[in-house]
Amino acid sequence: MTAVQQDRKLPAGEPDGFHRMWRELAPVGRDSGSGGYRRYAWTGADADCRAWFREQAEARGLAYEVDRNGNQWAWLGDPAAGDAVVTGSHLDSVPDGGAFDGPLGVVSALAAVDELRARGHAPQRPLGIVNFGDEEGARFGLACVGSRLTAGVLDPARARELRDGDGVTLALAMERAGYDPDALGPDPERLARIGAFVELHIEQGRALAGTPHPVGVASAIWPHGRWRFDFHGEANHAGTTRLADRRDPMLTYAASVLTAREQAELAGALATFAKISVEPNGVNAIPSLVRGWLDSRAADEDTLAALVSAVEKAAVARGHADGVEVAVTRESFTPVVDFDHGLRDRLARGLGGAPVLPTGAGHDAGILSGAVPTAMLYVRNPTGVSHSPAESAEEDDCVAGVHALADALEGLTCGS
Ligand SMILES: [Zn+2]
C-alpha cells in the first residue's frame, strides 16, 4: 500500500477506515530482514492479529465470538435468525508471505461494513465477518484447518495430532494460545445459518492486469493434488563407477521434471516438482533414492488425471533405461470447486460484467462451498506475484474492492 497519511486516529466508519486499518495491521508479524510476513497459526504474531480483529469488531459494536475451531466471527444482527450473509478471509500467512493474501479480505470486509453504515443501509439479513484460523497451513502442513474442521471434512483427532517443525502438536499449540483443542469438530448448525459467503482475495495471477477491471469474480478452483515419485536406484561412488554401470535415479528424476513441464504445457495445466529429498545426499555419491513431490492442477479432473498419468508413464519408461524403479503415491487430492452460479453471476453483473476467472489456489471459500452458496471477488494484482513479500495491489484497486464488496453485501442483505 502507498497510504501516506499521517497516523491520526479516526473512529471506525470514517472514509479513511480502510487505510487506517491497513496501517495498523502492516507491522504485525512482519520480518524486518525479508520484509515478508510470518503470521503462523497459534503463534504470537497470530495472537496479535486475532486481538486486532477482536478490537475492530468491538469498536464497531459488532457481536464478537470465537467458534469451537478457533475461527473468529463478528456479527451485525443476530446470526440465530439464519440466512446470514458472511464475508471475510484469513489473517495468517505463508512463510515470508505478502501483506495482501488474506488480510485484504478481512480489512475489506470491515471497511465494507463501515461503508454500508455510511450509506445508511440497514441489512435485512444477519451480516457476519469471519477470520478463519490457520488457512495457509504454514506451521502444521495442512491448509484451511479452521474451515475444514467447521465443514466436517477434517477429522478433529487427526487435526490435534498435526505437528509443526519442532514437533509441537496443533493441540498443544492451541492450548498454549488459550484455546481448547478438545472442542475441535464439525459445526453444521453454524453453517446452516449462513445463506451466502463471499470472500474477497488478492488475485494470485495476472488475468486482471492490463484489463480495465480492478475486481473480478471467481468461477472455480481447479482440482489439485500432490503425488510423491520415488525413484529407486543404486548408491555408488561418483568417482569410480563407469557411466554404463550406474543406476542413477537423479537422471530419471530430472527427465521427469522436464516431462511434467511439457505435459502441463500441452494440457494448458500446471505441474511442478517443488520439493525433493535425496539419499544419501552426499556430494560424491550416486544417489540410491530420489523422492520428488509433484504438485499438479488443471481445469478439470480428467485433464489432471491424464497429465499425471502421462508423467508417470514417461518416468517408468525412462526408469527402465536408467535401471531405476519408479513408484508413485498420491498423497492428497482436492476435487474441483465450482462456485455457486447464481451468486457468481449476480456479483459479475453488479460489477458491470467483470471478468469471471478460475484459479489454481485453494481457499476457505472452496472448503465452505460444499455446504454454503459461496463466491469470491479478486482484486487485481499487477505483477501476479503471491506468497512473496513482493505481492502487491494498487491503493485504488483495494478501494474498488471495498466498494464492490459493499455493493455485493448491500444487494444480498436488502431483503429482495
Ligand atoms: Zn489466502
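Biologist: Is H201 buried or exposed?
Modeller: The model is predicted, so this is a computed value. Buried means under 20% relative accessible area. H201 has 0% relative accessibility, so H201 counts as buried.

Biologist: Which residues coordinate the zinc ion?
Modeller: The donor distances run from 1.9 to 2.2 Å.

Biologist: What spacing do the donors of the zinc ion follow along the chain?
Modeller: The spacing is H-x10-D-x99-H.

Biologist: How many residues apart are H90 and H201?
Modeller: The donors follow H-x10-D-x99-H. H90 sits in strand β3 (residues 84–90), and H201 sits in strand β5 (residues 194–202). The pair links distant parts of the chain, and the separation is 111 residues.

Biologist: What is the relative accessible area of H90?
Modeller: The cut-off for buried is under 20%. H90 is buried, because its relative accessible area is 0%.

Biologist: Now the helices. Are α3 and α12 parallel or oblique to each other?
Modeller: The axes of helix α3 (residues 103–118) and helix α12 (residues 395–412) come within 8 Å. They cross at roughly 60°. Roughly parallel needs an angle under 35 degrees, and roughly perpendicular needs 65 to 115. So α3 and α12 are oblique.

Biologist: How many nonpolar residues does the contact of α3 with α12 have?
Modeller: From α3 come L104, S108, A109, A111, A112, E115 and L116. From α12 come C398, V402, H403, L405, A406, L409 and E410. Two residues are polar and two are charged; the nonpolar count is 10.

Biologist: How far apart in space are G17 and S108?
Modeller: G17 lies in helix α1 (residues 17–25). G17 is buried, at 2% relative accessibility. S108 is one of the α3 residues in contact with α12. G17 and S108 are 91 residues apart in sequence, and C-alpha to C-alpha they are separated by 9.6 Å.

Biologist: Are α1 and α2 roughly parallel or roughly antiparallel?
Modeller: The axes of α1 and helix α2 (residues 44–59) come within 11 Å and cross at roughly 155°. An angle over 145 degrees counts as roughly antiparallel. That makes α1 and α2 roughly antiparallel.

Biologist: Which residues of α2 make the contact with α1?
Modeller: The crossing of α1 and α2 is right-handed. On the α1 side the contact uses R20, M21, E24 and L25. On the α2 side the residues are C49, W52 and Q56.

Biologist: Where is G133?
Modeller: G133 is buried, with a relative accessible area of 7%. G133 touches R50, N71, V145 and G146, leaving out residues up to four places away in sequence. Its place is the loop between β4 (127–132) and α4 (145–151).

Biologist: What is the distance in space between G292 and P355?
Modeller: G292 belongs to strand β11 (residues 289–297). G292 is buried, at 0% relative accessible area. G292 and P355 are 63 residues apart in sequence, and their C-alpha separation is 36 Å.

Conventions. Residues are numbered from 1 along each chain as its sequence is written. This is a predicted model: local features need pLDDT of at least 70, side-chain atom pairs count only at pLDDT 80 or more; totals for chains, interfaces and linings use all residues. Side-chain values use heavy atoms; hydrogens and water are left out. Donors are N, O and S atoms within 2.8 Å of the metal (3.2 Å for Na, K and Ca); water is not among the atoms, so sites may look incomplete. Helices (H or I, at least four residues) and strands (E, at least two) are DSSP runs, numbered from the N terminus. Buried means under 20% relative accessible area, exposed over 50%, partly exposed in between (1.4 Å probe, protein chains only). Axes are lines fitted to C-alpha atoms, for helices over the stretch in contact, and angles run from 0 to 180 degrees between N-to-C directions. Contact means heavy atoms within 4.5 Å. Ala, Val, Leu, Ile, Met, Phe, Trp, Tyr, Cys and Pro count as nonpolar, Asp, Glu, Lys and Arg as charged, and the others, Gly among them, as polar. A crossing is left-handed if the near helix is turned anticlockwise from the far one by less than a right angle, and right-handed if clockwise.
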